[in-house]
Amino acid sequence: MQSSKIERSGLQIDVFPTREEASAAAADEVEALLRKKDSVNLGLATGSTPLPFYRELVRRHREEGLSFAQMEGFNLDEYEGLPSEHPESYDSFMQQQLYAHIDARESHLLPGIYQNAEEACRAYEEKIVEKGGLDWQLLGIGGNGHIGFNEPGSPVDSRTRRIELDERTRRDAVKQFGTLEKVPLAALTMGIGTILEAKRIVLMAWGAGKAGILQKALQGPVTAEVPASFLQTHGNVRILIDEEASQG
Ligand code: PGA
């Protein structure tokens, strides 16, 4: 497998010819953790970016017998107002793309329906701590630089919370929901501070459409206006991208 490396501000950036090869490199990291540790907590992401990564995990389970029995997953975020069985909920996404096909110990997701957002978010943070913290966190990047649903303006020390979605984020979601009116107005998301507590972070991005925001996030100033730029401060982050995304 061919990849080229770029070292920048403590970030390891690996550029692969295809997203499938980049996803296999991420799957290698997860496989190594599963083979080494009795308990593995993965922070997981949704959207189009991680699809080839989940396909690769499922393939390794089916074809190579890789067991996920000691894995627990914690998702980054969930749309407000969607019951877990809603086809566009991230709960449904994770079931379809991953959990229905592997033997994971447990999946944790923020709720779409709740009485009290603060309580739901506090319980989620407590669960992560109780389970020993996140060993490995997967991220995509939004067109506006968000990670999870930490929209521009999210502070570096933000915790899991309710957030109103950006106009840009809602427009990007029309392809899933059909119309803008159907796209939820808000979500619960892990905070930037929560994400940065993961021991290792892997961010993936594909295609020319992500090149500009990646350049800002990885080379630009560290600022809440580009939430992914906070990754420059973490120290154990790997960026996996395809060639098109590297042309920023
Ligand atoms: P995408 O979304 O994977 O569908 O491009 C990424 C994100 O918004 O984090």
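Which residues surround the ligand?

1. The model is predicted. In this model, the shell around the ligand consists of Gly 47, Ser 48, Thr 49, Gly 140, Ile 141, Gly 142, His 146 and Lys 210. By residue class, this shell divides into 6 polar, 1 nonpolar and 1 charged. With Gly counted as polar, Ile 141 is the nonpolar member and Lys 210 the charged one.

2. Thr 49 places a polar side-chain atom 2.5 Å from an oxygen atom of the ligand. For His 146, a side-chain N or O atom is 2.6 Å from a ligand oxygen. Lys 210 likewise has a side-chain N or O atom 2.6 Å from an oxygen atom of the ligand. On its own the ligand has 280 Å² of accessible area, and the protein covers 76% of that.

3. Next, the site as a pocket. The ligand takes up space in the largest pocket. The volume of this pocket is about 840 Å³.

4. The lining of the largest pocket comprises 36 residues. Nearest the pocket centre are Thr 46, Gly 47, Ser 48, Tyr 90 and Gln 176. Of these, Gly 47 and Ser 48 also belong to the residues that surround the ligand.

5. Several secondary-structure elements contribute at least two lining residues each: strand 5 (77-79), helix 3 (90-97), helix 5 (167-172) and helix 6 (174-177). Helix 3 supplies the largest share, with 4 residues.

6. The shell around the ligand, by comparison, has 1 nonpolar, 6 polar and 1 charged.

Terms used
Residues are numbered from 1 along each chain as its sequence is written. This is a predicted model: local features need pLDDT of at least 70, side-chain atom pairs count only at pLDDT 80 or more; totals for chains, interfaces and linings use all residues. Side-chain values use heavy atoms; hydrogens and water are left out. A residue is near a molecule or strand if one of its heavy atoms lies within 4 Å of it. A polar contact is a pair of N or O atoms within 3.5 Å; within protein, one must be able to donate a hydrogen and the other to accept it, and residues adjacent in sequence count only if both atoms are side-chain atoms. Accessible areas come from the Shrake-Rupley method with a 1.4 Å probe; for residues, only the protein chains shown count as cover. On a 1 Å grid over the protein atoms alone, a cavity is a set of points where a 1.4 Å probe fits but cannot get out, and a pocket is an open set with protein on both sides within 12 Å along at least five of seven lines; lining residues have an atom within 4 Å of a point. A molecule sits in a cavity or pocket if more than half of its atoms lie within 2 Å of its grid points. Grid points are joined across faces, edges and corners, and a volume is the space filled by probe spheres set on the points.
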